[in-house]
Every structure is written in structure tokens, then in C-alpha cells.
Amino acid sequence: MDWFAGDWLGLAVRWAHLIAGISWIGSSFYFMWLDANLEVPGPGGPKDVEGSLWMVHSGGFYEVVRKRIGPGSMPKTLHWFKYEALFTWITGTFLLGLVYYAHADAYLSRPGSAPLTGAQAVAWGVGLMVGSWAVYDTLWATLGKKVPGVVTAVSVALAVGLAFGLCQVFGGRGAFIHLGAIFGTIMVANVWMRILPAQQRMIDATARGETPDFGNSAAAKRRSVHNSYMTFPVIFMMLSNHYPAFYGRGDGSLVLVTLVALGMAMRHAMIAKSAGVRKIAGAVGTAVLAGLIVMLQPQAAPASITVVSGPPVTFAQAREVIQTRCVACHSEHPTDTTFTVAPNGVTFTSAEHIKAFVERIRFRAVETKTMPLANKTGMTEEERAILARWIQEGAPI
């Protein structure tokens, strides 16, 4: 594909994905907040009203009422919230293929391991998304009805195991995005295969003049709650893969699990029904965030990054490493097949440019070793040591 067309396609899909995601997440969290804040009617109130509240927005005042449906109580027009989820998943899946599967050598391979082919990457990714939904849904459709607490613990344990497993299959960036894709697939499948059908069964019962089975409502609500707990982790995983301090570590799986825990704690702090529970969740989330910050601290200060001792390194030696391993992407006219323009505008075409980005070189090539991407140009440990010594000596040019 022509680079110009590819950039426009990528922009269009990202834009559509973001718009659809905002619509889905916004409406989802709005209704979760509503459920947590509805005021139950007092004695003598309408029997078909489960709760209500008044709100103000955009210069208007609104009364929202949650009702219990029954024969003859359905309105003429019923508004559904469902296509936002579907379009978010469709655009997200397309983006996964466009960015990650089309460039598996750069984004999915684990440095030091045999690179995944495009077909292998797709097979692993799709298989894990479908398989994870099947396991999750089977658990909650069977044991989840009888022992939800136990199944919750099992689900969390499986998610942790999945995070660690993904980091063995893919490089850090690919592992992070795939756990987000798996959660997103479970979420949209919950909407279209469990929540909407359950609500439709209740509507169909009222149309037949029957009292609907409110067990369907409880089952739909349970899946909706699950979705709300996965939402923040998905957003974190979408963002964090742009930052190598998160995905580029040897203990990336532990960082990934911690990000998921942080997202779930944030959700609980925002929309739990009890104010006390919200405070506890907020405190837990704060503690997890503090632990994550400590965990991600560089293991060595810049002044002590020397990997091996050796003679002083000249700029010519450092530049030779950069020219050999980095300039294929980071130049005004990249020759790499993945990048047609320099990533993030970083170029090493002059001594001044190299000097300007020396801290980024230190962080990405020496400390986290996340550059080159998937080490596709084969930078050796000796070459990283040359850069380390040159930087420690003040990076003279």
C-alpha cells in the first residue's frame, strides 16, 4: 500500500475507533453511575418504579426513572445502546491488523526469539481472543450462576496467567495490545451475545402478555458490571504500549497485571454504590499507582549506566552504531519497510540531531533495550555498551 494512502487509512480508522469507543464507554459508565445513584421510592410509591433521580445538564432538568416492565408496559419507542460497542470492536480489530499484524516483525516479535510470521501472529492473536471468550463465557454461564465468588477468583487468576503467557508469545508491545484486544472482544461479545438477547427475551415476554423472567435482567447486569471493570484496563493497555518504560521491561508481565489492577480499582472508586467502598477503592488504587511508579523507576542512574569497562569511545564509533542500527528508520528518508517517515520525528542525520536525542538513545537503546523495535536490525550487546560508554563520557561530538 502506498504510504500516503496508508497514513490516511490509519488516521481514519483510529479516528473512527476513538469516536465509537468514547460513545460506548461514555454511555456504559453513565448507566452504571445511574444504577449506583438511583433513589428507591418510599412506601406507597409506584410498584413498577425501581428508582429515580433528578439531574441537570446543558441548561435543562431531567428526571430519570428506572421501571420494571410487565405486560402492556412497553413504550412505543425503545432506544437501544448497542452499535457503539460493535463499531468500537470492528474498528479496533481492523486497526490491530493494520498496525500490528501487517508489521509483525516490528511490533509483535520478542527480541532474542524466533520472529513470528504474519500468519503465526494472526493465528495466535485471533485464537487467543476467541478462546478467551469461550472460556470466560462457559465459566459464567455454568458455575458463575451458582458460585459467582469462586468464578470471580478463577477469572482473575486466568487473566493474570493470560498476561504472563502473552509476554512469552509476543514482545512487550504486542502482549499489552493483545490483552486489551482480548478484554475488548469479551466486552463486545457480552453486549451482543448475552446482554442484548437477555433484554430481548424480556421484551418478547411482555409482548406475549407474560410477566418477564427478571433473572434475565440480573444476568445482563452481571455481564455489564464485568464490562465496566475491564474498561479502564483496556484504555490503559491502548495507551501504555506507546511508552517503553511500561512494555519494554523484563518484568513487563508484572507491569501489565499491575495496570489491570489499577484500572479495576479506579472503576470501583468511581461508580461503586457505597461511599465507604469508593474511598477504600481509591486508597487501593493510589497504593497500586505508587507501587507502579516505584516499580518503573530506572534501575540505574544515568551516571552509572556503563555496561562494560573499556577505552574511551569516540563519536565516530558511536555514530557508526547509530548509522548501522538506527538510521534505517530514523532518517529523513527511511529505508525500513515499516516506517516511511521517521518515528516521532526523531532523525539521526547529523551530529547535532544525535546529540539532541542522546537521552532518548540512552533510555531506549541502553536501559530498556526497546530500540531498535524487536531488535530487527540486530544491535548487539557490545554495540549497546559502546553507546553506554559514549553517553557516560558526556556524549562528545
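## Cavities and a pocket in a predicted model

The second largest cavity has a volume of about 40 Å³. A cavity is a set of points on a 1 Å grid over the protein atoms alone where a 1.4 Å probe fits but cannot get out, and lining residues have an atom within 4 Å of a point. A volume is the space filled by probe spheres set on the points, which are joined across faces, edges and corners. This is a predicted model, in which local features need pLDDT of at least 70, side-chain atom pairs count only at pLDDT 80 or more, and totals for chains, interfaces and linings use all residues. Residues are numbered from 1 along each chain as its sequence is written, and side-chain values use heavy atoms, with hydrogens and water left out.

W24, I25, S28, M187, N227 and T231 line this second largest cavity. Helices α1 and α7 each give two or more residues to that lining, and the largest share, 3 residues, comes from α1. Helices are DSSP runs (H or I, at least four residues), as are strands (E, at least two), numbered from the N terminus.

The whole structure holds 2 cavities of 30 Å³ or more. Around the largest cavity there are 19 lining residues, with C326, H330, F348, R364 and M371 the closest to its centre. Helix α13 (residues 358-367) gives the most to this lining, with 4 residues.

| Space | Volume |
|---|---|
| Largest cavity | about 260 Å³ |
| Second largest cavity | about 40 Å³ |
| Second largest pocket | about 1500 Å³ |

A pocket is an open set with protein on both sides within 12 Å along at least five of seven lines. In the second largest pocket, α1 gives the largest share of the lining, 8 residues.
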